Amino acid sequence: MKRNTRIWLTATLLALFLIVGLVACTQGPEVPGTDAGTDKETVAETVPSHETGDATEEPGQETNAPVAGTEMPTEEPTEIPTEAPVEEETALVVDFNALNLKFLKGCFNGANQTNVAVESDDDGEQYVALSTSVANATDPFVTFNLRNFLSRADMEAIEADEFNYIILKVRAKNCSTGTFNLYYFAGGVSGATPGMEASAGFDVSEEGWQYILFDMRDKPSWTGQVTGFRMDYMMTAVNEGETLQIAEIQFLDSADAYYKQFDVDWDDKGFDISDEDKAKAEELLNSTQKPTTGYDSYTKENGANEDATLKLWFDHMYTRAPQSGFTVKENNISYLIQMAKNETEGCQFILAPDADVTGLKVYITDFKNADGDTLKTELHWGYYFNILDQMLIDPLPPVSYTPEEGMLDWVNGGNGRGEAIDNLQKYNGFDIKAGQSQSFVIKATTTADSKAGEYAATLTVVDANGNEVKKATVFTYVWNFVLDDASSCKTLMDMSAYEVYMTYFDFAADLSNWRGENLGEVYYNFLLDYRVNCYSLPFENEDGSFSDSRLLEYLNNPRVQAFQPLGWAKEIVPWKVANAYAFLSQKEEWLEKAYFYPVDEPGSVSRLDDINNYGKMLGENFPGYKLIAPMHVNYATSQGDFFSYVTSSVNVWCPKTFFFNTFAEWLDNQDLYYGTTPQLEEKLDSLRDRFWAEQEGGDEVWWYVTRFPNDPEITLIINTEAVNIRTLFWQQKLYNVDGFLYYLVNHWGNGSDRYWIPSADKWYQGMDAMHEINDAYPYEVYGNGILIYSGVYFAQTDPVASLRLESVRDGIEDFEYLTMLEEIYGKDVVDAIITKWTTGLGEYNTDADAFRELRAQVGALLEKASQN
């Protein structure tokens, strides 16, 4: 807060409190406070107010630097009022002046690493001082018996349902951290209970009184009579005697007046796209022409033994038709896939019979042009999970009627412990019940040398007797430009080789006899085809020597854009780092790909100190190092906040996506998650402006998601519409973010951890949607940390891709389209194109047909530009 605003706010509030005293009032002025409720993810799943997080989740990343057309407005922020606002609100104030010293202190008990004292200012104002009783305190807290206080103060009980917010009047003295976690006892629950909590930040550098706000909305457990609080007044503390003084507690039903006091840039919302750039973008897109193909004049074909009771229609790759309750799209008799060279794209087709059918088989020819040239063509089927009481596809195993050589015998024979392995592949065709559907996926892959123009493939469906009951032609148009192997959107995602081996029930063996490859390498290469880089290269390199010559193939592969030189979760010590530098410095391109990731989601100052120590050590042993630090929370510190604390060491910023929301945006749409506090934004600027400033100085900015943030912001969970996952990468380009991190692609687990509920009739390790539900926070998500499934259940060594992984790859390739356009027309025009689809993290179109049209215009524009 600006100093003059702080003085005004403090004076206004003190005057108001002297007038109000200890009263329960209605229709009174609201008292300004300070905080929008920051997040706190801890190992014990102590999740703060707006986001429900879990520090056991791995990190994520991504972000971008400011460029012309995306910088925030430079005008002066909106003038702050000079008089206290008056709101028609309900307010109740619990003033600690109401009780004498002895009785007030008696309301505080159960102290942990905390001394409690009742003190007074020179003007006689009484407050409670909570001080750490030990150095390096890890969990300082105390319990406040509100019911006892109200009884002694002759006040009525407080009902949670009447209030949406709590404000504490506090003053910090020598505090090293500034996060207050408030556990509430309500509705008959006593004692600190995970999920019954809210979090807020305070300014550790502010010497006067300040007001911090806890947002209690959307907390299902905030109901009934409120009897007390456990006050975790600091997350951790470095020194003995760090003190937070508390003078009163307010209960409010509205926080509008509170929020309006902050001197932030109220115009810092969305992107300032000029009318000129919008007009230019529109002109460019409208100057393109759709290619003329056989798709334009195609009419419905019939199979040799056409079955009119079996419905067949086509749809976009990024849609999901539910197994039941679907809509038949009878006019979708074919599909035109449009793609660049060196790209993979696809479509879906759906079958739905009027009566039960068994043994249906589907076939697709290779896509072929008039000269007889072909494209790699694949056919997959959708495996269904129960997602929020709808059966939806996610795994996409290949359609196969003959198993991989040697695999079926092994699967049927079980493993070395005599355990059977269920085979889920449909070797005998597909059985579909009346009123249900079965989705399939057709994929085409081009190379850099593929000829531009039209290709066509023939789809046939045969019944159990071999009769051709459906037939259709599918088209592909290849634009005349090439996507680079080296993706502009960098990625890092963990892939657990342990999880892979465990699903094959033979962890001791490397299972290399099937294709002459290690399973870890098989899975790494599979992901590389999807333009995804794993945390670690597929061969061990813990000492940094790169002594395994097989690593050279990956170091020189342009698709490998990022890796950890010593591997994931390995010891990072000077001599190993020096070894890695000695080897990688032989080629500048190898050094550019090396990222160190020593600390995951720091939640305390001590972990920030670890990051800084790693930075110092890397600087001494790996000149030009890149240190990435995924950040899921941001708290105030004596040096500003978590991000400013590590500016000397971190040079690859990797916040969760929601840190790009500004306070002004959140106030307009409080369904968004706002990951910092208005105090910090007021003092240090918005986080996204700070990231962009670091980027302008030469740093990289990445971002990431896990199970959070929640809708309307986009993550990679199955609950997310498939088209939205592609939108996330358009947003990444809009926000000028360099890379995307995801904590794990195969978090298959053991079927019992983390609120897991099986998502199919039977739970299979490595073949489940990982349904996580926790009503306390609350959240209900599917597929977090799972983008691939084990191939063992389909008698194959390759993993099985998810529909979401297809969308991730397509989103990365969309990012490449937009980057190529930017190189031709500039960032401003590209931003104008992107904002036709999405204008912010919570603002975007979801019409799959409209997305196809816009992407087709972008592709045609690139083709047109490549010919000039």
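Trainee: So buried means under 20% relative accessible area, exposed means over 50%, and partly exposed is in between, using a 1.4 Å probe and protein chains only. What share of this chain counts as buried?

Mentor: Of its 868 residues, 62% count as buried. Keep in mind that this is a predicted model, where local features need pLDDT of at least 70, side-chain atom pairs count only at pLDDT 80 or more, and totals for chains, interfaces and linings use all residues. Residues are numbered from 1 along each chain as its sequence is written, and side-chain values use heavy atoms, leaving out hydrogens and water.

Trainee: Got it. How many helices and strands are there?

Mentor: The chain has 20 helices and 40 strands. Both are DSSP runs numbered from the N terminus: helices are H or I with at least four residues, strands are E with at least two.

Trainee: And how many aromatic pairs?

Mentor: The count comes to 66. Rings of Phe, Tyr and Trp (its six-membered ring) pair if their centres lie within 6.5 Å; planes under 30 degrees apart count as stacked, over 60 as edge-to-face and the rest as tilted. Take F96 and F108: their ring centres are 6.0 Å apart and their planes stand at 90°, so the pair is edge-to-face.

Trainee: Which parts of the chain does that pair tie together?

Mentor: F96 is in the loop between strand 3 (89-95) and helix 2 (101-106), while F108 is in strand 4 (residues 108-112), so the pair links parts 12 residues apart in sequence. F96 counts as buried at 0% relative accessibility, and F108 counts as buried at 7%.

Trainee: What about Y535 and Y597, how are their rings placed?

Mentor: Their centres are 5.4 Å apart and their planes lie at 75°, so this pair is edge-to-face. Y535 sits in the loop between helix 8 (519-529) and helix 9 (551-555), and Y597 in the loop between helix 11 (588-593) and helix 12 (605-621), so parts 62 residues apart in sequence are tied together.

Trainee: Are those two buried or exposed?

Mentor: Y535 counts as buried at 0% relative accessibility, and Y597 counts as buried at 3%.

Trainee: New topic! Where does the charged end of R171 sit?

Mentor: Over the ring of Y127, 5.3 Å from its centre. A charge sits over a ring if NZ of Lys or CZ of Arg is within 6 Å of the ring centre and within 35 degrees of the ring normal. R230 lies over the face of F141, at 3.7 Å from the ring centre.

Trainee: How do helix 17 and helix 18 pack?

Mentor: Helix 17 (residues 722-734) and helix 18 (residues 803-825) have axes 8 Å apart, at an angle of about 30°. Axes are lines fitted to C-alpha atoms, for helices over the stretch in contact, and angles run from 0 to 180 degrees between N-to-C directions.

Trainee: What about cis peptide bonds, which residues do they join?

Mentor: One joins F708 and P709, with omega about 5°. The bond from D711 to P712 is also cis, with omega near 15°. P709 lies in the loop between strand 32 (700-704) and helix 17, and P712 is found in the loop between strand 32 and helix 17 too.
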